[in-house]
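Hi,

Here is the structure I promised to pass on. Have a look at it first, and my notes follow below.

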Amino acid sequence: MNNHEKYMKMALHAAEKGRGFTSPNPVVGAVIVKDEQVIATGYHKVFGKEHAEVNALKEAGSDAINADMYVTLEPCNIFGKTPPCTEAIIKAGINRVFIAVLDPNPKITGKGIKKLEENGIEVETGILESEASAINRGFFSVMEKKRPWVTLKMALTTDGFIADLAGKSQWITSAEARNYVKSQRLLHDSVMVGMGTVIKDNPSLLPENTSGFIPYRIITDDILNVPYKSKIVSDEFRKKTIILTCNESKGKKYIHLNNAGVKIINVQSDDFGWLNMQKALTGLAENGITSVYCEGGGMLAGSLITEKLVDELQILIAPKIIGEGIFSFSGFMKSLDESINLEWQEITKMGPDVLLKGKLL
């Protein structure tokens, strides 16, 4: 690893400190180096507040003159909730700027670099570009696809069931696998489940530590059928709940949930009267959600799979065989010739279970 990569690694690490608090903005880190010594580090802490570059420059003070800056995303050159970062960099007297990846926002792409170069600042891009893109895959997805990044997680028996015939699914996988899932929730803006999961399991979908970042809890509820006493719409964190529905009625339940602080997003239905998932995801993006960790069940998973709306697939397979049960992916039938093909990118042993990570082809 050369020095450029070393300092950019530090900037990437700093960026992660803002995880969960910057959306719909990206997480960004910045490191200022002078005479091969790190003199300041900054990151984007909260949406609407100073960006990483400005926070690093504040820490560096006058020492920023003739120093180098490493930043994980192209500095902005537009007025938003804060002034342009390019102006702050120029004013501080930074000599060179090393950028991991260009900003996908068409209002910024290349323009931040151009502004810096026009003011005599040397710019180099592409240092740990793939890593920098990966930490902001949700932001990139919204910019490029107009929808959040979707990770679909399914926990299965070896013979492919997510529950037994009675609907019991707790617990198919091990404690190690469940802890992994909890950690993944904190890497996404939101956790999504179908109405069947809410009725069957009554989950809270909260992290163990509720004093920090709490992802939004999303329910796909076609007819607005969620029970009033469900944890997800009645607990103290109900303002962190979003319901996606195609029920346009604003009756008693709608009024009750709305008054309780639950956000309801009305979504166009598909040809069969169910939620149009493409429209649902677009609605989430319009409400500041850049990434979704979907935990099923089968109908929701099947819908996302058939519509090719899954960016990453996480399959946890337990060493259990039950013979009959509820299938993992429901609502569609394919012949072998029409199969939806996958590419496995990572296989990991997790306690007694196996984690398969991949993508749709």
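Let me start with the second largest pocket, which is lined by 28 residues, with Asn25, Pro26, His51, Asn105 and Ile108 lying nearest its centre. The elements giving two or more residues to that lining are α2 (52-60) and α6 (137-145). Helix α6 provides the largest share, three residues. Sorted by class, the lining has 14 nonpolar, eight polar and six charged residues. (Nonpolar covers Ala, Val, Leu, Ile, Met, Phe, Trp, Tyr, Cys and Pro, charged covers Asp, Glu, Lys and Arg, and the others, Gly among them, are polar.) The pocket's volume is about 480 Å³.

A word on terms. A pocket here is an open set of points on a 1 Å grid over the protein atoms alone, where a 1.4 Å probe fits, with protein on both sides within 12 Å along at least five of seven lines; lining residues have an atom within 4 Å of a point. Points are joined across faces, edges and corners, and the volume is the space filled by probe spheres set on them. Helices (H or I, at least four residues) and strands (E, at least two) are DSSP runs, numbered from the N terminus.

Please keep in mind that this is a predicted model: local features need pLDDT of at least 70 and side-chain atom pairs count only at pLDDT 80 or more, while totals for chains, interfaces and linings use all residues. Residues are numbered from 1 along each chain as its sequence is written, and side-chain values use heavy atoms, with hydrogens and water left out.

Now some backbone details. The peptide bond from Ser23 to Pro24 is cis, with omega near 10°, and Pro24 sits in the loop between α1 (3-15) and β1 (29-34). Asp35, in the loop between β1 and β2 (37-43), has a positive phi near 50° without being a glycine. Lys146, also not a glycine, has a positive phi of about 65° and belongs to the loop between α6 and β6 (149-157). Are these two buried or exposed? Asp35 is exposed at 69% relative accessibility, and Lys146 is exposed at 52% (exposed is over 50% relative accessible area, buried under 20%, partly exposed in between, using a 1.4 Å probe and protein chains only).

Last, helix α11 (residues 277-286): its buried residues are Met277, Ala280, Leu281, Gly283, Leu284 and Ala285. At its start, a side-chain oxygen of Asn276 comes to within 3.1 Å of the backbone nitrogen of Gln278. After α11 comes Gly288, with a positive phi near 90°.

Cheers

Note on methods
Polar contact = N/O pair within 3.5 Å; in protein donor to acceptor, adjacent residues only side chain to side chain.
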